[in-house]
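Please open your viewer and keep the selection panel handy. We will go from the whole chain down to single residues.

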Amino acid sequence: MKRRATMLQDVMDTGESMVKILKSSKADDELRKVREKQQCFFERHLDTKKTITLVLNGVVQCEDEASQKLLDMEGQKSQAERELDSLEQELLQCTARSQNMDSELQFLQRELESLRDSEQELQTLQQEVDDDTTEVIPSAIYVAQLYHKVTKIKWEYDTEPHVLRGVHYGADLATPINIDTSVRSRCSVSDELWNFVSTEW
């Protein structure tokens with residue numbers, strides 16, 4: 001019992017000594033300085049943490065913006081490539097159409113030249129026909145009428161090429177003529193025809 005009482009007394013004495021030390025101004029100053037340093041360190045820690053947080057947030061935002069810009073640029077690049085491909089296809093189509101139009105134009109120019117040549121030929125032929133009509137046909141008609149007056153023979157013109165067919169209108173009767181020139185000589189045919197001509201004037 002005495003031993004326990006002694007130990008308790010020692011603890012109490014030690015506690016009182018510590019209280020006295022803590023209550024002294026020197027210990028209080030030291031404790032205040034420690035608290036101030038601790039408070040200062042804590043505040044600096046908070047400021048540093050805030051600064052680091054702001055910096056990290058800024059880095060993350062910059063990374064997000066850079067990623068978004070990169071995605072936008074990739075999209076724009078893909079769009080530009082598609083537009084370029086489309087323009088190249090249109091250019092190829094336009095080139096092909098232009099070549100076809102050039103070929104058609106050349107063909108039409110050749111056709112036009114051919115038509116102009118044909119028109120010129122037709123004009124030349126028309127002129128020749130007009131000349132023949134005004135010069136040859138009247139003279140042929142005149143000769144045919146003269147032959148008819150002299151020979152009194154009216155010819156059929158829708159016969160075969162080697163057949164002479166017609167009618168001789170004499171003073172008293174009409175005599176048919178049907179001569180195959182392929183089996184007779186020209187002299188014989190001429191003599192027969194001249195026999196129809198009257199020698200009386």
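The tour below moves from the overall fold to the sheet, then to its core.

**Before you click.** This is a predicted model, in which local features need pLDDT of at least 70 and side-chain atom pairs count only at pLDDT 80 or more, while totals for chains, interfaces and linings use all residues. Residues are numbered from 1 along each chain as its sequence is written, and side-chain values use heavy atoms, with hydrogens and water left out.

**Stop 1: the whole chain.** Colour by secondary structure and you will find three helices and three strands, where helices (H or I, at least four residues) and strands (E, at least two) are DSSP runs numbered from the N terminus. Along the sequence the pattern reads α-α-β-β-β-α. Of the 201 residues, 6% are buried; buried means under 20% relative accessible area, exposed over 50% and partly exposed in between, with a 1.4 Å probe and protein chains only.

**Stop 2: the sheet.** Next, select the three strands, which form an open antiparallel sheet in the order β1-β2-β3. β1 (153-155) and β3 are at the edges with a single partner strand each, so one side of each has no neighbour in the sheet. Neighbouring strands are turned by 25° against each other on average, direction ignored; axes are lines fitted to C-alpha atoms, for helices over the stretch in contact, and angles run from 0 to 180 degrees between N-to-C directions.

Zoom in on β1 and β2, which pair in the antiparallel sense over three bridges (strands pair if DSSP finds at least two bridges between them). Here Ile153 stands opposite His168 in β2.

**Stop 3: His168.** Is His168 buried or exposed? His168 is buried, with a relative accessible area of 8%. Strand β2, where His168 lies, covers residues 163-169. Beyond neighbours within four places in sequence, the contacts of His168 (heavy atoms within 4.5 Å) include Ile153, Leu173, Ile177 and Phe196.

**Stop 4: the core.** Finally, select Ile153, Ile177, Ile179, Val189, Leu193 and Phe196, the six residues of the largest nonpolar core. Such a core is a set of buried Ala, Val, Leu, Ile, Met, Phe, Trp, Tyr and Cys residues joined through side-chain atoms within 4.5 Å. β3 (174-180) and α3 (186-194) each supply at least two residues of this core. Centre on Ile177: leaving aside neighbours within four places in sequence, its contacts include Ile153, His168, Leu193 and Phe196.
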